[in-house]
Amino acid sequence: MAPVTDASVAAFFRCSLGLSAWKQAGSSRWALRVNPSSGNLHPTESYLIRDGRVHHYAPREHALEERSALSPAAWGRVTRSNPGFLVALTTIHWREAWKYGERAFRYCQHDTGHAVAALRFAAALLGWRLVPLSRWSDEHIAAVAGVDRDADFAGAEREEPECIVAVTPGDVQPWLDADPEALVEAARDAVWAGRANTLSPARVDWPIIDQVALATRRVLSRRVDVAARVRDVEPAPHGGEAVPHNAALRARAIILQRRSAVAFDGRSTLPRAAFLSMLARTRPDAAPWDAIDWPPHIHLLLFVHRVEGLTPGVYAYLRDPAVLPEWRQAMRSEFLWEPVNDSNDSNDSNGLYLLLPFDVTWVANRVSCDQDIAADGFFSLGMVARLESSVRDRGDWFYRRLFWESGIIGQVLYLEAEAAGARATGIGCFYDDPVHEAAGLSGVEWQSLYHFSMGVPVDDGRLTTEPGYEWDIVET
């Protein structure tokens with residue numbers, strides 16, 4: 001387990017939100033990051049609060065920009081002398097909206113989920129734990145990150161607060177129990193430095209984005225139950241202990257080599273065991289799933305094309321076995337629900353069920369906005385979320401969390417693809433109603449929120465690649 005030092009914090013950001021590579025084609029040169037983003041537009045901003053000092057993380061320079069020094073007494077009331085720090089994430093909707101219009105809101109939420117998972121994996125490399133802080137409202141986050149300061153955003157695009165997490169090598173409970181009010185008051189009384197950059201001299205308004213952002217902000221009542229559930233804060237494997245050196249080097253290399261594929265070869269296959277192992281990693285049994293504090297609300301509708309030993313067709317993967325009766329009832333009556341297993345026990349499905357055997361390449365292509373990348377890989381999938389009752393029971397703020405959960409699933413599958421010698425890509429453009437129709441889903445209880453595909457990439461020989469930072473050496 002690494003101590004919390006300047007060097008270890010730098011390593012944490014390097015392997016979560018830093019640059020992974022520079023690409024160049026002719027005179028055009030652009031950076032890629034460890035955390036994926038729709039269109040490589042990166043609306044997510046991050047803030048480190050450590051020892052009472054608030055810093056903005058600048059990925060290009062891999063540097064911290066100090067914005068404020070808060071009261072040591074207020075910081076002490078939060079930490080209670082426990083080692084660790086806070087990371088707040090915000091989003092800039094315009095970074096996506098200029099290209100994608102109203103879809104930008106969901107893309108920003110996907111990216112938040114990717115970033116949360118990236119932070120969690122980086123923490124695991126160092127033997128640290130990472131937990132979300134449920135006592136914090138969006139207003140609290142905005143105050144401590146300094147993004148509620150009108151003067152600092154004069155003429156610039158505003159940042160929307162998303163989430164805040166505690167990162168620690170020690171006990172997470174003091175961080176979960178801490179009242180944020182003292183730190184919020186200190187932030188409002190503090191002296192701040194720096195102003196936000198203006199991204200565009202002119203902007204197009206998308207009122208629906210602002211409306212949804214406002215409707216889904218988390219506002220806590222005084223009666224909110226702040227007791228952490230034990231199951232939600234259990235340490236995941238390597239979540240509070242040192243990762244073996246060789247394993248850490250291998251994991252770091254995979255994290256830094258992650259890329260989003262732009263095309264697949266349309267012929268390569270994936271071993272069945274690797275496929276089942278990938279799916280199992282999306283279940284909430286290990287990191288990064290302790291980075292969120294709710295049980296699975298998303299399950300997978302898969303279009304399987306080229307997985308060895310599996311019949312091509314439509315499959316369902318249930319991240320919580322208890323949802324099986326509900327999904328069978330909600331979906332088409334003609335679906336087989338034939339368990340896929342690797343044992344002599346025909347009832348052991350591994351959570352995977354064959355629904356309909358047939359060539360689904362055309363269907364996969366069609367429902368993902370006619371994109372070949374959904375048909376040319378090993379498989380593609382839709383992430384189908386329990387929407388209506390989740391928002392009704394928890395509040396409108398939970399709408400964002402469903403997209404975060406889908407982004408975390410995506411980040412897990414991105415890294416699983418790299419580990420298998422393949423590549424993956426998130427698909428933000430899809431036709432949700434045809435997906436629901438294909439599955440036989442009606443109403444708004446179950447909704448498709450994100451698509452994803454995996455295969456062997458077709459590389460573009462015109463591109464050259466350089467390390468994210470000249471000083472960095474990726475050991476394998």
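The largest nonpolar core of this predicted model holds 80 residues, and Phe12, Val87, Val167, Phe275, Leu302, Leu352 and Phe379 touch the most other members. A nonpolar core is here a set of buried Ala, Val, Leu, Ile, Met, Phe, Trp, Tyr and Cys residues joined through side-chain atoms within 4.5 Å. Buried denotes under 20% relative accessible area, exposed over 50%, and partly exposed the range in between, with a 1.4 Å probe and protein chains only. Helix H14 gives the most to this core, contributing eleven residues. Phe275 is in contact (heavy atoms within 4.5 Å) with Leu270, Leu302, Val304, Val307, Leu310, Leu352 and Phe379, leaving aside residues up to four places away in sequence.

Residues are numbered from 1 along each chain as its sequence is written. Local features need pLDDT of at least 70, side-chain atom pairs count only at pLDDT 80 or more, and totals for chains, interfaces and linings use all residues, while side-chain values use heavy atoms, with hydrogens and water left out.

**Helix H14**

Helices (H or I, at least four residues) and strands (E, at least two) are DSSP runs numbered from the N terminus. H14 covers residues 398–419, and its end C-alpha atoms are 32 Å apart; this agrees with the 32 Å that its 22 residues should span at 1.5 Å a residue, the expected span being 1.5 Å times one less than the number of residues. Of the 22 residues in H14, 20 are buried. Gly421, which follows the helix, has a positive phi near 80°.

**Helix packing**

Two packed helices are described by the angle between their axes and the distance between the axes. Axes are lines fitted to C-alpha atoms, for helices over the stretch in contact, and angles run from 0 to 180 degrees between N-to-C directions.

| Helix pair | Angle | Axis distance |
|---|---|---|
| H9 (residues 245–257) and H14 | roughly 110° | within 9 Å |
| H5 (residues 138–145) and H7 (residues 181–189) | about 45° | 8 Å |

H9 and H14 are therefore roughly perpendicular, whereas H5 and H7 are oblique. Angles under 35 degrees count as roughly parallel, over 145 as roughly antiparallel, 65 to 115 as roughly perpendicular and the rest as oblique. The crossing of H9 and H14 is right-handed, and that of H5 and H7 is left-handed. A crossing is left-handed if the near helix is turned anticlockwise from the far one by less than a right angle, and right-handed if clockwise.

In the second, Glu139, His140, Ala143 and Val144 of H5 meet Glu181, Leu183, Val184, Ala187 and Arg188 of H7.

**Loops and backbone**

The peptide bond joining Ala287 and Pro288 is cis, with omega about 15°. Pro288 belongs to the loop between helix H10 (272–280) and strand S9 (298–304).

His42, a residue other than glycine, has a positive phi near 50°. His42 is located between strand S2 (28–33) and strand S3 (44–50), in a loop, and counts as buried at 4% relative accessibility. Cys369 also has a positive phi, near 60°; its loop runs between helix H12 (361–367) and strand S13 (379–386). At 15% relative accessibility, Cys369 is buried.

Ala193 occupies the loop between H7 and helix H8 (207–215). With a relative accessible area of 39%, Ala193 is partly exposed, and Ala193 touches Glu66 and Arg67, residues up to four places away in sequence not being counted.
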